[in-house]
Amino acid sequence: MNKRIEWLLLILLAAGGIFLWSRLALPRYQAIDLSVKQARAVEIAKTFLTQHRVNIQRYHTTVSFNVDESADRYLQKTLGIAASRDLVHHLHYDLFFWVVRFFRERQKEEFKIAISSATGEIIGVNHIIPDTAPRPLIDKDKARQIAVDFLQKSFGFNFADYTLHAEEVKKYDNRQDYIFSWQNKDVDIPWNKSREKGHAKLLTNVTVAGAEILDFAKYQFEIPDGFNRYVDNLKQTGQNLTLIFRLLYLALLTIAIVVVVNRKQQVVAAQVKLFYCGIGVGIFVLMTLDMLNSYQSILFDYPTTQSLGNFLVRQLIEGIIGPFFIAVAFVLPAIGGESLRFEVAAHQKHQSFLSPLLSSFCSAAVGRQIVVGYLAAGLILGLQALIFNLGYKYCGVWDELSWMTQSSTAVLPALTALAIGFQASFSEEAMFRLFAINLLKKYGVPTAAAVFLAAATWGFGHTGYDIYPMWFRGIEVTSIGILMGIFYLRFGFITVLAAHFLIDAFLSSLPYLLRPNLSLDFCSSCAILVLPLLFTFIAFIFDRRVPEQPLKLRFNGQQHFNYQLLMELCQAKTPAELAVLKKDLQRHGWDEAIIQRVFEEERSGS
């Protein structure tokens, strides 16, 4: 295909992908409103407790960005995405909210304050106290009146719109807790169009002990148990598919270890191992920094029955072990994939890092691969949006947005986006494009089948996500994997790395990108997305056009001896004899770089 036509087609496809994503996916993500930032949420919570005469100086403080997963999934499944979005907007229901936790080491008493991320309104409070904590004893009528007065004063609660749903008394040694809930008369959503299977009710809950409001939730959906059991059953499919993927991944990793061990002294492996070890160190460092960046999430899960110091040390050690194994699991397939690519597609130099390592990364060729990566990212986002839209319409698909809260609790959300994009792109593309495709090709699998099998293994490894039915996620990611495989074969390894990085970093930063302003979170998120583009400008501006150094110049003493020996062995042999000899050498594991160099010289000499 003519280069200009190919570029024009890529640009048009990317533009079409971005258009599809903006029409089909963007409205779904706009449900997230982070108008109230993390620091502001903590300030609101502290002010609330101070006004209620709580000495906050005695407490540790941590914060988490949450989503009401159960309500989100139920409304999507029963009403559909558009109708559920309209209902949430109509009710002013906060699917996304901050939870600020105040706790003390080895003390059960703590506070959790839920704050709307859109308005800053306090929408829930949970004051946890020991079972033996005393409170003045009052009767149920007085407790109910305290709850009614609180709701009317705090939220302008109109009890004409509600019916009393439940009253409960919990008796402790030194107090009685009264739990009241009121049901909204206008919200009653049956599960599976059958009232016999239960229906969701919108409740307002208040717990009173003495004259104190111990707990309240402005709005909370009570989801039918039948629906929760239905979801748990669906999750089994995802768990089974994920288990199969882990076995396949372990098999691939084992094969990668064998490949690397058998080729550790070969020329290609020797040339790339330091580079990939450096990338592995980068993955380890970024993931460790992201763990520290997300310390709020760690603190939020701290159980106050333990020593805080011991808990943090244990979390730190676990947080270091995980990134270490992920880095190792990247390096081995990457080195093995480079060796296999050199064996099965020696002239397709764009399909690995070997060629720029032997010449220069500051080249127009590398810059073009990154630009294609941006175009591929736009196309893939559109494809993903289209697949999900078809799933919503015809397969009863629904998904949850809990993954979008992943970076928001971090001190620097952009660092989390960078770590996610960098680790996922290098680890997954090295395993499922560079290594898996070339491994399958080496053993005679046709290229198209190799691309599909690698994509399917990668795709169904994503079935643990909260997308229902869970097999649909496997089909969606497999489709993306096939497209990534095509881009890998046609445009190169750098292209799929850039595309994968951009997609993951973009989606991880989306809550901040949807609210353009000059805040640090918005600007840093934008900066992460232009990092590959910055390298592209450097590559084009400082285009060095350095010729690729022949691998012969990188031979060590033993490799040079084998090269000379093979040169003598090939002398005076006919082309047919040389072809048989070449196959024998490859079958017995001779260094492919030496074989290719000798036979290239034989061809040029003849």
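**Labels and the values behind them**

User: Why does Glu167 count as partly exposed?

Analyst: Glu167 has a relative accessibility of 30%. Buried means under 20% relative accessible area and exposed means over 50%, with partly exposed in between (1.4 Å probe, protein chains only). The value of 30% lies in between, so Glu167 counts as partly exposed.

User: What kind of model is this, and how are residues numbered?

Analyst: It is a predicted model, in which local features need pLDDT of at least 70 and side-chain atom pairs count only at pLDDT 80 or more, while totals for chains, interfaces and linings use all residues. Residues are numbered from 1 along each chain as its sequence is written, and side-chain values use heavy atoms, with hydrogens and water left out.

User: What makes the meeting of Lys140 and Glu167 a salt bridge?

Analyst: A salt bridge is a side-chain nitrogen of Lys or Arg within 4 Å of a carboxyl oxygen of Asp or Glu. For Lys140 and Glu167 the N to O distance is 3.4 Å, so the pair meets the definition. This pair links distant parts of the chain, with Lys140 in helix H6 (residues 140-155) and Glu167 in strand S5, 27 residues apart. Helices (H or I, at least four residues) and strands (E, at least two) are DSSP runs, numbered from the N terminus. Lys140 is partly exposed, because its relative accessibility is 35%.

User: How do you know that Arg144 and Asp141 are separated by about one helical turn?

Analyst: Both sit in helix H6, three residues apart, which means a separation of about one turn. Arg144 is partly exposed at 24% relative accessibility, whereas Asp141 counts as exposed at 52%.

User: Is Lys201 buried or exposed?

Analyst: Lys201 has a relative accessible area of 13%, so it is buried. Its side chain meets that of Glu222 in a salt bridge of 3.3 Å, N to O. Here the link runs from Glu222 in strand S8 to Lys201 in strand S7, 21 residues apart. Glu222 is partly exposed, because its relative accessibility is 32%. Elsewhere, salt bridges that share partners join Lys140, Asp141, Arg144 and Glu167 into one network. The structure holds 19 salt bridges.

User: What makes S7 and S8 a pair?

Analyst: Two strands pair if DSSP finds at least two bridges between them. Strand S7 (residues 199-209) and strand S8 (residues 212-222) have eight bridges, in the antiparallel sense, so they count as paired. Leu202, for instance, has Phe221 in S8 as its bridge partner.

User: Why are S1 and S5 said to stand at the edges?

Analyst: The open sheet has eight strands in the order S1-S2-S3-S4-S8-S7-S6-S5, with antiparallel pairing. Strand S1 (60-67) and strand S5 (162-171) each have a single partner strand, so one side of each is left without a neighbour in the sheet.

User: What makes strand S3 mostly covered?

Analyst: In strand S3 (residues 110-116), six of the seven residues are buried. S3 is joined by six bridges to strand S2 (residues 96-103), running antiparallel, and Trp98 stands opposite Ile115 in S3. Another six antiparallel bridges join S3 to strand S4 (residues 122-128), where Ile122 is the bridge partner of Ile115. The hairpin of S3 and S4 has five residues between the strands, and Gly120 there takes a positive phi near 85°.

User: How do you know that Leu87 touches Leu75?

Analyst: Contact means heavy atoms within 4.5 Å. Leaving aside residues up to four places away in sequence, Leu87 touches Leu75, Leu79 and Ile189. Leu87 and Leu75 are 8.7 Å apart from C-alpha to C-alpha, and 12 residues apart in sequence. Leu87 is found in helix H5 (residues 81-91).

User: Where is the kink in H8 centred?

Analyst: The kink is centred on Lys273 and is about 40°. The bend at a residue is the angle between axes fitted to the seven residues ending there and the seven starting there.

User: How many helices and strands does the protein have?

Analyst: There are 20 helices and 10 strands. Of its 606 residues, 52% count as buried.
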